[in-house]
Amino acid sequence: MLKDNIIQIQEQLKKVNGGTIILAATKTVPPEIVNSIFEYGIKDIGENKVQELLEKYDKLDKRFNLHFIGRLQKNKVKYIIDKVTLIHAVDRYSLLKEIEKSLKMRQWGEVIKFEYEERMDSRLE
């Protein structure tokens, strides 16, 4: 049933926009079940809590693009920076700087991509 639902959603999205990615939020779902959705064409998964991401990480299929979709505290960046493909909720400049610092500390040749939608109010400009 899950497979049929995913396939139906994918077909509907192709009609609207061929470039749409389904991001499966995997909160509280055991890694064994999460891993099963890869065969249905789901390649992107999201976690919203650092602790849960860390508990699941070693058991997750490494072919997934792992996204962090929750509010991230600066002191937890170092725990996930080398595990995620994308951090969605970069909601303040200080967090962006912490991400940048963590990337530089690892001296990576290939930098993890992340999106930052600047939402600073006019007082900070």
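**Close-up views of a predicted model**

**View 1. Ile42 in the loop between α2 and β2.** With a relative accessibility of 3%, Ile42 counts as buried (buried: under 20% relative accessible area; exposed: over 50%; partly exposed: in between; 1.4 Å probe, protein chains only). This is a predicted model, in which local features need pLDDT of at least 70, side-chain atom pairs count only at pLDDT 80 or more, and totals for chains, interfaces and linings use all residues. Residues are numbered from 1 along each chain as its sequence is written, and side-chain values use heavy atoms, with hydrogens and water left out. Helices (H or I, at least four residues) and strands (E, at least two) are DSSP runs, numbered from the N terminus. Not counting residues up to four places away in sequence, Ile42 touches Ile6, Gln10, Ile22, Ala24, Ile37 and Phe64 (contact: heavy atoms within 4.5 Å). Ile42 and Ile21 are 21 residues apart in sequence. In space their C-alpha atoms are 8.3 Å apart.

**View 2. The open sheet of four strands.** The strand order is β1-β2-β3-β4, with parallel pairing (pairing: at least two bridges found by DSSP between two strands). The edge strands are β1 and β4 (86–87), and each pairs on one side only. Three bridges link β1 and β2 in the parallel sense. Ala24 has Ile45 of β2 as its bridge partner. From β1 the chain crosses through α2 to β2, a right-handed β-α-β crossover. A crossover is right-handed if, with the strands pointing away from the viewer, the path from the first strand over the helix to the second runs clockwise. Parallel strands β2 and β3 (residues 65–68) are joined by four bridges. Here Gly46 stands opposite His67 of β3. Two bridges join β3 to β4, again parallel. The bridge partner of His67 in β4 is Leu86. Helix α3 packs on the sheet, where it touches β2 and β3. The direction of α3 makes about 160 degrees with that of β3 (axes: lines fitted to C-alpha atoms, for helices over the stretch in contact; angles: 0 to 180 degrees between N-to-C directions).

**View 3. Strand β2, covered on both faces.** The strand spans residues 44–47. Asp44 and Gly46 are buried on one side. Ile45 and Glu47 are buried on the other. Together with helix α3 (residues 50–57) and β3, strand β2 makes a right-handed β-α-β unit.

**View 4. Thr26 beside Glu47.** Thr26 sits in the loop between β1 (23–25) and α2 (31–36). Its relative accessibility is 3%, so Thr26 counts as buried. The side chains of Thr26 and Glu47 make a polar contact of 2.5 Å. A polar contact is a pair of N or O atoms within 3.5 Å; within protein, one must be able to donate a hydrogen and the other to accept it, and residues adjacent in sequence count only if both atoms are side-chain atoms. Leaving out residues up to four places away in sequence, Thr26 touches Val34, Ile45, Gly46, Glu47, Glu52 and Lys56.

**View 5. A salt-bridge network of Glu47, Glu52 and Lys56.** A salt bridge is a side-chain nitrogen of Lys or Arg within 4 Å of a carboxyl oxygen of Asp or Glu. Glu47 bridges to Lys56, with the closest N and O atoms 2.6 Å apart. For Glu52 and Lys56, the closest N and O atoms are 3.1 Å apart. Glu52 and Lys56 are four residues apart in helix α3, so about one helical turn separates them. Glu47 counts as buried because its relative accessibility is 1%. Lys56, at 6%, also counts as buried. Glu52 is buried too, with a relative accessible area of 14%.

**View 6. The Arg63–Asp61 salt bridge.** The closest N and O atoms of this pair are 2.8 Å apart. Arg63 has 54% relative accessibility and so counts as exposed. The structure holds seven salt bridges.

**View 7. Phe68 in strand β3.** Phe68 is buried, with a relative accessible area of 0%. Beyond its neighbours within four places in sequence, Phe68 contacts Glu47, Asn48, Lys49, Val50, Leu53, Ile80, Val84, Leu86, Ile87, His88 and Ala89. Val90 lies 22 residues from Phe68 along the chain. The C-alpha atoms of Phe68 and Val90 are separated by 9.9 Å.
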